[in-house]
Amino acid sequence: MDNQITSRQFMLLVALFTIGSSVLFVPAGAAAAAKQDAWISILAGIGLSLLLICLYNAVANLYPGLTLVEMSEKLLGKWLGAIVSLFLIVNTFAVGGVSLIDFAGTFVTRQIMPATPVLAANILFGAIAIWGMRLGLGTVARAAEVLFPLITALFIVMILTVSPNMKLEHLQPAFTAGVKPIIKSCISYLAYSTLPVVFFLMIYPSCVKEPKQTFKTMLLGSMVGGLFLLTITTVCVAVLGAEGTSRQAYPSYTLAKKINIANFITRIEVLMATLWFLSLYFKLMIYFFAGMKGLAQLLKLRDNRALVLPLGLLSLVFSRIFYPSAAYRQLWDEKIWPLYAGTSGLIIPLLLLAIGTVRKKGSMRRKNNS
């Protein structure tokens with residue numbers, strides 16, 4: 001299994017992970033909270049994202065050769081570290097990966113093939129994920145390197161073709177939403193796009209060939225992904241209006257339906273959905289690789305390939321158990337997921353950084369005294 005990647009591939013994976021599922025539903029959440037100021041909340045979210053990336057880099061630099069699970073056990077002790085590690089692993093599979101599989105299946109059955117059972121769509125998407133896990137992170141990263149230009153091209157085409165429908169009055173007046181709505185929208189952006197980036201500490205810097213350049217590429221990847229989301233959110237509000245964007249389950253998909261070139265090129269939104277499926281797939285793979293590697297380290301397994309098929313099949317089963325209805329899914333996304341993301345992406349890294357810093361200072365003092 002090839003798990004070594006270059007810093008450039010790492011940057012692309014971070015960008016695709018940031019875009020991921022967010023490109024479909026972040027515009028709706030931002031518009032619902034901040035109205036026509038949705039773009040301001042995304043811009044603020046990008047700025048805060050860079051601070052979070054700095055936090056993750058500081059945690060990684062505590063023990064560069066260790067993953068997040070190994071650092072938890074080293075800094076928190078055997079039992080508490082195991083509990084924290086198990087919480088992180090559950091987040092990658094049961095909360096992260098399973099959620100994306102269900103999200104992909106639900107989207108297909110609602111928007112593209114309504115007569116298809118959700119489980120069938122989930123199996124198709126999950127089978128590709130299992131295949132990717134078997135091939136290794138390096139193979140997936142090279143695929144990201146090849147497909148990222150296609151994703152960018154599809155995105156640019158969509159923006160250019162829908163731009164004649166943009167109305168600047170939908171973005172006016174600016175700076176009228178107030179501070180609280182913008183903060184709420186910003187938190188939603190971080191919960192879906194940036195806080196889960198903490199799971200890259202399972203592959204960074206141990207799986208990156210040029211670890212010294214990884215921090216810069218991580219920042220760049222987060223910015224590139226954020227610019228994608230900033231652009232799509234701004235265009236959605238400019239075309240659909242703040243109210244229209246907030247009422248849509250998938251506003252960027254609805255946006256693609258507005259494409260009409262000379263009454264000849266129309267109804268090409270399925271091609272635009274390709275952009276989302278590709279970015280969603282790479283986000284799913286990062287979740288799975290992080291969880292699989294963490295579980296293998298927690299169980300002291302030498303080869304994590306034995307976990308691929310069992311975890312993949314369990315994810316397919318759980319995708320229909322954990323999210324039984326659309327109403328429950330919406331409640332989970334709005335109320336529960338931000339708590340999980342905040343705990344794993346902010347509280348735990350801060351705790352590890354604080355304990356690691358104190359321990360290093362203590363060891364340096366003992367060396368100086370001796």
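The second largest pocket has a volume of about 240 Å³. A pocket here is an open set of points on a 1 Å grid over the protein atoms alone, where a 1.4 Å probe fits, with protein on both sides within 12 Å along at least five of seven lines; lining residues have an atom within 4 Å of a point. A volume is the space filled by probe spheres set on the points. The model is predicted: local features need pLDDT of at least 70 and side-chain atom pairs pLDDT 80 or more, whereas totals for chains, interfaces and linings use all residues. Residues are numbered from 1 along each chain as its sequence is written, and side-chain values use heavy atoms, without hydrogens and water.

**Second largest pocket**
- Its lining includes Ala104, Met113, Phe125, Phe277 and Tyr281.
- Helix α6 (118-135) gives the most to this lining, with four residues; helices are DSSP runs (H or I, at least four residues) numbered from the N terminus.
- The lining divides into ten nonpolar, two polar and no charged residues; Ala, Val, Leu, Ile, Met, Phe, Trp, Tyr, Cys and Pro count as nonpolar, Asp, Glu, Lys and Arg as charged, and the others as polar.

**Largest pocket**
- About 950 Å³ of space lies in the largest pocket.
- Of its 33 lining residues, Phe25, Tyr192, Gln330, Asp333 and Glu334 are the closest to the centre.
- Helix α13 supplies the largest share of the lining, eight residues.
- The lining comprises 16 nonpolar, nine polar and eight charged residues.

**Thr233**
- Thr233, in helix α9 (residues 214-247), is buried, with a relative accessible area of 0%; buried means under 20%, exposed over 50% and partly exposed in between (1.4 Å probe, protein chains only).
- The side chain of Thr233 reaches the backbone oxygen of Leu229 at 2.7 Å.
- Not counting residues up to four places away in sequence, Thr233 touches Val26, Pro27, Ala30, Ala38 and Ile42 (heavy atoms within 4.5 Å).

**Salt bridges**
- The whole structure holds four salt bridges, each a side-chain nitrogen of Lys or Arg within 4 Å of a carboxyl oxygen of Asp or Glu.
- Arg8 pairs with Glu145, the closest N and O atoms being 2.7 Å apart; Arg8 lies in helix α1 and Glu145 in helix α7, 137 residues apart.
- Lys35 forms a salt bridge with Glu243 at 3.2 Å; Lys35 is in the loop between α2 and α3 and Glu243 in helix α9, so the pair ties together parts 208 residues apart in sequence.
- Lys300 and Glu73 meet at 3.5 Å, N to O; Lys300 is exposed at 61%, and Glu73 is partly exposed at 22%.

How values were computed
Helix = DSSP H or I, 4+ residues; strand = E, 2+ residues; numbered from the N terminus. Polar contact = N/O pair within 3.5 Å; in protein donor to acceptor, adjacent residues only side chain to side chain.
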